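Here is my note on the model, point by point. Please read it with the structure open.

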Amino acid sequence: GYLIQMIGTFFEGWSPNIFVFFAGCCFRSSGGAILWVFSTSLLQQWVDNKLQGRVFAFDLAAATLGEGLSTLLGGLLMDEASWSPRKVCLMYGSVLSIIIFGSWLAYYLLLSVKLEKRYFDKYPHLLNQHNEETGEIDTSTHGAPISPEIAASQEDGKDLIL
């Protein structure tokens, strides 16, 4: 998503005509849409149900604040520093996008290692799905952890209705 936004912003800055500019806007906006869906999905998975409303409100407030501040910064650069709209787009597409993308990438790499460790600490049986005797991989749960209630119902041969 960040990379798509960065490429779209470059297209906006380097556009020789309105059609290339419009294509860059569409490309940049699709990157923003991808980010919005992914961030909302991740927040829904990671945040406790009791806090989701507050966290989603903060997320929307931060996005709105970012939009306003970027518009203010762009206007100030054009008015006070006499930058052209093209130069502002290129600055957003290069400097700021690379900083944001690099920060996200570093955070993601660090976070994914922590989340993976936490997940396998919670479900250690998923690490050892390899059957030593047959050499096959146990795919009976398709790698998904199952709750004790479901495991008990499977042992009893009953279907558990949730």
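1. Start with the surface. This is a predicted model. Helix H1 is the main contributor to the nonpolar patch, giving 3 residues. The patch consists of Leu3, Ile7, Phe11 and Phe27. Together they have about 330 Å² of accessible area.

2. Ile7 sits in helix H1. Its relative accessibility is 33%, so Ile7 counts as partly exposed. The cut-offs behind that label are 20% for buried and 50% for exposed.

3. Now Ala23. Ala23 belongs to helix H2. Ala23 is also partly exposed, because its relative accessibility is 43%. Phe11 is one of the patch residues.

4. Next, the largest pocket. Its volume is about 2000 Å³. The lining comprises 48 residues. Those nearest the pocket centre are Tyr2, Gln5, Gly32, Leu35 and Ile100.

5. Which elements give two or more residues to the lining of the largest pocket? They are helix H1 (2-14), helix H2 (18-46), helix H3 (52-79) and helix H4 (85-122). H4 gives the most, with 16 residues.

6. Please check the residues nearest the centre by eye, among them Gln5 and Gly32.

Note on methods
Residues numbered from 1 in each chain as written. Predicted model: local features only at pLDDT ≥ 70, side-chain atom pairs only at ≥ 80, totals over all residues. Heavy atoms only, no water. 1 Å grid on protein atoms, 1.4 Å probe; cavity = no way out; pocket = protein on both sides within 12 Å on 5 of 7 lines; lining within 4 Å. Points joined across faces, edges and corners; volume = space filled by probe spheres on them. Helix = DSSP H or I, 4+ residues; strand = E, 2+ residues; numbered from the N terminus. Patch = residues over 30% accessible without salt bridge, like charges linked within 9 Å, V, L, I, M, F, W, Y side chains within 5 Å. Areas by Shrake-Rupley, 256 points an atom, 1.4 Å probe, with all protein chains shown as cover. Salt bridge = Lys/Arg side-chain N within 4 Å of Asp/Glu carboxyl O. Buried < 20%, exposed > 50% of the residue type's maximum accessible area, 1.4 Å probe, protein only.
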